[in-house]
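This report goes through one structure, element by element. The sequence and model come first, and the notes follow.

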Amino acid sequence: MATASFAAPSRGSAGAGALYVYGIAPAGVRAPRAGGVDGAAVRLLTSSGLSAAVSAAPARVRARRRDLLAHQTVLGELARQAPVLPMRFAVLAGDEGTLVAYLREQRLHFEAQLHRIRGCVEMNVKGVTVPGCFEDLVHRDAKLRELARRTRRRPDYDANVRLGEALARAVTREGRRAAQEVRSRLVPLARRTAQGEVDDTVVLSASFLVPADAEHRFRRTVEEQARRHGARIALSLTGPLPCYSFVDAPTTAAPALTGG
Amino acid sequence: MTVVTPSPYADELACVPRAGTLYDVLDLILDRGMVIDVFVRVSLVGIEIIKIDARIVVASVDTYLRFAEACNRLDLERTSRSKTVPELFGGGGAVGRTVAKAGARKAGRSLGDKVRDVLGTEGHRDDRDAEDTGYAEDAEDHARDGLDEEEHAYEESPRPQRRRRPEEGRRRPAGTSGERSRDRDDDRDRPRARRRSED
């Protein structure tokens with residue numbers, strides 16, 4: 001939606017009074033004590049039973065490590081107190097009035113969203129292929145074995161590249177199979193699952209909406225799976241996280257706001 | 001926020017999941033989360049490009065050659081005992097390292113690491129591009145602090161030839177695929193692969 005603030009997108013900044021928005025929580029949460037993006041103090045704007053955590057928008061938003069961490073930390077502090085709807089990094093509201101009006105207008109939507117994630121955390125699991133077990137691969141795959149023999153008889157650059165490529169494909173295939181198995185063990189422990197981007201190396205990337213009281217079990221299961229499939233896939237687990245992957249913005253077309 | 005679970009198995013079986021880092025959740029912070037259409041989402045120049053780049057980094061001829069080399073050292077006719085890759089690279093000297101460990105370390109080369117690597121490269125290309133270098137510089141500061149226990153993982157960079165700082169010498173990059181376990185092997189194996197490639 002075009003708003004007045006889009007007038008100067010190249011500068012990556014909004015006008016005076018613009019607010020960096022971290023997330024929305026039920027009214028009653030304490031303001032996070034952690035510093036916000038660009039070191040700004042974080043405060044709560046409360047309206048209609050909802051509180052938005054905001055800070056003065058920096059002159060320029062950049063994806064700096066400390067700012068990404070600040071965003072994450074503020075949300076983490078809120079999420080430990082109550083369900084919170086996390087904003088994506090770098091979302092700005094034009095001014096206080098706009099934000100307060102929006103909270104009032106979309107109260108029902110936000111409350112429903114909060115209800116869906118209440119008592120839950122997001123657990124993110126990623127898995128990357130492990131280039132090991134070559135001997136195993138070669139012995140199980142006749143084609144690969146033949147390629148390896150041929151390469152050994154006539155070792156040249158092209159043959160080696162072909163062999164290596166075939167091995168890489170096999171490693172990816174094994175990793176994907178392991179990812180499938182890991183996923184099938186984790187899905188039943190989660191209320192919802194959100195798939196992330198995968199490629200030939202990152203073969204598993206998924207977020208799981210897990211009830212807080214099942215977090216321990218989830219963690220144990222990931223560890224178990226990591227041990228079982230460690231030769232084919234290396235898993236990393238991050239969480240509990242604010243529920244980034246399980247919140248939806250209001251779908252209604254944005255009403256023509258007064259000014260920007 | 002990320003919670004680190006110290007694993008009791010860390011030493012005997014290193015294939016337990018490593019706790020995530022900021023890099024592991026970069027995709028969530030930047031791509032997920034709510035975006036409200038009446039608000040403004042500041043465009044973060046460079047980030048989208050970085051993500052595409054990060055995927056391209058992975059597959060390379062260099063990787064293939066090293067896989068092939070590992071395979072060429074195998075006894076193709078023998079059926080039993082699976083050798084671990086670090087053993088293959090380290091001869092008999094891979095004491096206390098298992099392939100699982102290599103695997104666990106390799107986890108560090110997931111999305112975040114690739115992003116960092118690409119960011120670093122971007123930064124190298126144009127130091128004035130704030131969106132790119134801002135993050136990379138920060139990451140460097142962070143690495144220098146030595147606060148991040150996962151630091152070693154970042155150094156297993158897919159493109160170790162770029163942006164190496166001298167102080168990283170104590171832990172040299174372990175190669176594209178993380179299968180290599182010992183620094184000295186790096187010196188020994190790489191030139192060999194290269195020579196072969198020049199034949």
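## Ala168 and helix H6 of chain A

A:Ala168 sits in helix H6 of chain A. In this predicted model, A:Ala168 counts as buried because it has 22 C-beta neighbours inside 10 Å, and the cut-off for a buried residue is 20 or more. A:Thr129 is 39 residues away from A:Ala168 along the chain, and the C-alpha atoms of the two are separated by 9.5 Å.

## The largest nonpolar core

The largest nonpolar core has 99 residues. The residues with the most contacts inside this core include A:Leu19, A:Val21, A:Leu92, A:Val125, A:Leu167 and A:Ile233, and from chain B the list has B:Cys71. Helix H6 of chain A, residues 157-186, gives the most to the core, with 10 residues. Residues also come from both domain 1 (4-118) and domain 2 (121-133 + 175-244) of chain A, so the core lies between these two domains.

What does A:Val125 touch, not counting residues up to four places away in sequence? Its contacts are A:Leu186, A:Leu204, A:Ala206, A:Phe208, A:Val222, A:Leu235 and A:Leu237.

Strand E3 of chain A (residues 50-56) pairs with strand E2 of chain A (residues 43-47) in the antiparallel sense, over five bridges.

In E3(A), A:Ala52 has A:Ile24 standing opposite. Six of the seven residues of E3(A) are buried, so this strand is largely enclosed by the rest of the structure.

Which residues of the loop between E3 and H1 of chain A can be described here? One of them is A:Val61, which has its place in that loop. A:Val61 is buried, with 24 other C-beta atoms within 10 Å. A:Val91 is 30 residues from A:Val61 in sequence, and the two are 9.4 Å apart in space, C-alpha to C-alpha.

A:Ala63 lies in the loop between E3 and helix H1 (65-79) of chain A as well. This residue counts as buried, with 26 C-beta neighbours inside 10 Å. From A:Ala63 to A:Ala90 the distance is 8.3 Å, C-alpha to C-alpha, although the two are 27 residues apart in sequence.

## The make-up of chain B

Chain B has nine helices and two strands. From the N terminus on, its elements run β-α-β-α-α-α-α-α-α-α-α.

Of the 199 residues of chain B, 47% count as buried. Among contacts in chain B between residues at least 6 apart in sequence, 65% join residues at least 24 apart.

## Confidence in the prediction

For the complex, the predictor gives an ipTM of 0.78 and a pTM of 0.66. Chain B has a mean pLDDT of 48, and 21% of its residues reach 70 or more.

Where in chain B is confidence highest, and where is it lowest? Helix H3 of chain B (residues 61-72) is highest, at a mean of 84, while helix H8 of chain B (residues 151-155) is lowest, at 30. Residues 80-199 of chain B have a pLDDT below 50, and beyond near neighbours in sequence this stretch has 210 contacts in the model. At residues 1-19 of chain B, pLDDT stays under 50 too, and the model has 43 contacts beyond four places in sequence for them.

Terms used: Residues numbered from 1 in each chain as written. Chains lettered and ligands numbered in written order. Predicted model: local features only at pLDDT ≥ 70, side-chain atom pairs only at ≥ 80, totals over all residues. Core = buried A, V, L, I, M, F, W, Y, C linked by C-beta atoms within 7 Å. Buried ≥ 20, exposed ≤ 12 C-beta atoms within 10 Å, placed from the backbone. Helix = DSSP H or I, 4+ residues; strand = E, 2+ residues; numbered from the N terminus. Domains from an automatic or database assignment. Contact = placed C-beta atoms within 7 Å. Pairing = 2+ DSSP bridges. pLDDT = per-residue confidence, 0-100.
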